[in-house]
Amino acid sequence: MASTFLFQSSPAILDKSEWVKGQTLRQPSVSVVRFSPGAPSALTVRASYADELVKTAKTVASPGRGILAMDESNATCGKRLASIGLENTEANRQAYRTLLVTPPGLGNYISGAILFEETLYQSTVDGKKIVDILVEQGIVPGIKVDKGLVPLTGSNDESWRTVVSIPNGPTALAVKEAAWGLARYAAISQDNGLVPIVEPEILLDGEHGIDRTFEVAKQVWAEVFFYLAQNNVLFEGILLKPSMVTPGADCKERATPQQVEATLNLNAMNQSPNPWHVSFSYARALQNTCLKTWGGRPENVKAAQDALLLRASANSLAQLGKYTGEGESEEAKKGMFVKGYVY
């Protein structure tokens, strides 16, 4: 996905007494640094919106709910529309986005929605602001703020914007640049009363096994939280969106669940208690069956919205660790990975 923040957000001063310090990729260890409570610390958090940031984060992380990522750029949205034979026009994008935000009861399963800039100011086909529709459903609207990938000079053909490629290294430069960029973005967001979605994204491309993915993930996460702490980011006022730890898409040895499908993996992670709220922020995993059911035909809107609600309900159950797959279509069970996807 991308750098994103959620809207909403009383003066407060909070102290952070520990963080995880990330090392380079050649040093697999991490360190935990502690300060005595009375010692002066550069980690003092001065977030003017602290109370509201925490409240918003907790709203999004409410039991049985997750995030609908509908922040595709107009060009990417056009590719989705082309798959069902529709031209990439504003009217068609508006019709599709209207379909996504107006199912009755969507807020029972969805707590936040990430929008593209056009969508933020867009109305439904009936003339009602999309943001207002979401708020009425109890869904916190957010906005994608990055402008896409940028080549990272001096790296191994890697890109800046927090996307880490395992086949391309990843180089220590790429990891550090991703972590620092995320930390600055998070600090700026919070300073303006917005909850940042911190996404250290590790691409699925590659033939590596799950152990290699986990090794890189630990390094990236440690680096990210080290720099978040250095930038005085309020941890309770962010949402962390890490990539799932799975084998590379081309790896011959698959991990369980045997079928690497987002809902099944989410359900597996919630089979036992977690120290944190573990939920979902999905785009294709929620939208695919809805889009294909709709097909651009007005008479299919109800069926398409029912398909979206079914997928949202399934992921709600997975967040609670109660998903069984019962009643799912074969289309919904297909993997969502797109090889060489350009973000």
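Biologist: What share of the 343 residues of the protein chain counts as buried?
Modeller: 50% of them do. Buried means under 20% relative accessible area, exposed means over 50%, and partly exposed is in between (1.4 Å probe, protein chains only). Keep in mind that this is a predicted model, where local features need pLDDT of at least 70 and side-chain atom pairs count only at pLDDT 80 or more, while totals for chains, interfaces and linings use all residues. Residues are numbered from 1 along each chain as its sequence is written, and side-chain values use heavy atoms, with hydrogens and water left out.

Biologist: What makes the length of helix 3 agree with its number of residues?
Modeller: The expected span is 1.5 Å times one less than the number of residues. Helix 3 has 12 residues, so it should span 16 Å, and its end C-alpha atoms are 16 Å apart, which agrees.

Biologist: Which residues of helix 3 are buried, and what do they pack against?
Modeller: Asn92, Arg93, Tyr96, Arg97, Thr98, Leu99, Leu100 and Val101 are buried. Their packing partners are strand 6, helix 2, helix 4, helix 5, helix 9 and helix 10.

Biologist: What makes the pair of arginine 97 and threonine 119 a polar contact?
Modeller: A polar contact is a pair of N or O atoms within 3.5 Å; within protein, one must be able to donate a hydrogen and the other to accept it, and residues adjacent in sequence count only if both atoms are side-chain atoms. The side chains of arginine 97 and threonine 119 come to 3.2 Å, and the pair counts as a polar contact. There's a network too: salt bridges link Arg93, Arg97 and Glu118.

Biologist: How many salt bridges are there in the whole structure?
Modeller: Eight. Each is a side-chain nitrogen of Lys or Arg within 4 Å of a carboxyl oxygen of Asp or Glu.

Biologist: Why is the pair of lysine 147 and glutamate 117 called a salt bridge?
Modeller: N to O is 3.8 Å, and the pair counts as a salt bridge. Lysine 147 sits in the loop between strand 8 (140-144) and strand 9 (150-151) and glutamate 117 in helix 4 (residues 117-120), so the pair ties together parts that are 30 residues apart in sequence. Lysine 147 is exposed at 77% relative accessible area, whereas glutamate 117 is partly exposed at 43%.

Biologist: Are glutamate 72 and arginine 80 buried or exposed?
Modeller: Both are buried, and their side chains form a salt bridge at 2.8 Å, N to O.

Biologist: Which residues have the most contacts inside the largest nonpolar core?
Modeller: Ile110, Leu286 and Trp294, in a core of 37 residues. A nonpolar core is a set of buried Ala, Val, Leu, Ile, Met, Phe, Trp, Tyr and Cys residues joined through side-chain atoms within 4.5 Å. Helix 10 gives the largest share of this core, six residues. A second, separate core has 34 residues, among them Ala183, Phe226, Leu228 and Leu234.

Biologist: What makes the backbone at aspartate 157 and proline 170 stand out?
Modeller: Aspartate 157 has a positive phi of about 55° although it is not a glycine; at 69% relative accessible area, aspartate 157 is exposed. The peptide bond from glycine 169 to proline 170 is cis, with omega near -20°, and proline 170 lies in the loop between strand 11 (163-164) and helix 6 (172-191).

Note on methods. Helix = DSSP H or I, 4+ residues; strand = E, 2+ residues; numbered from the N terminus. Contact = heavy atoms within 4.5 Å.
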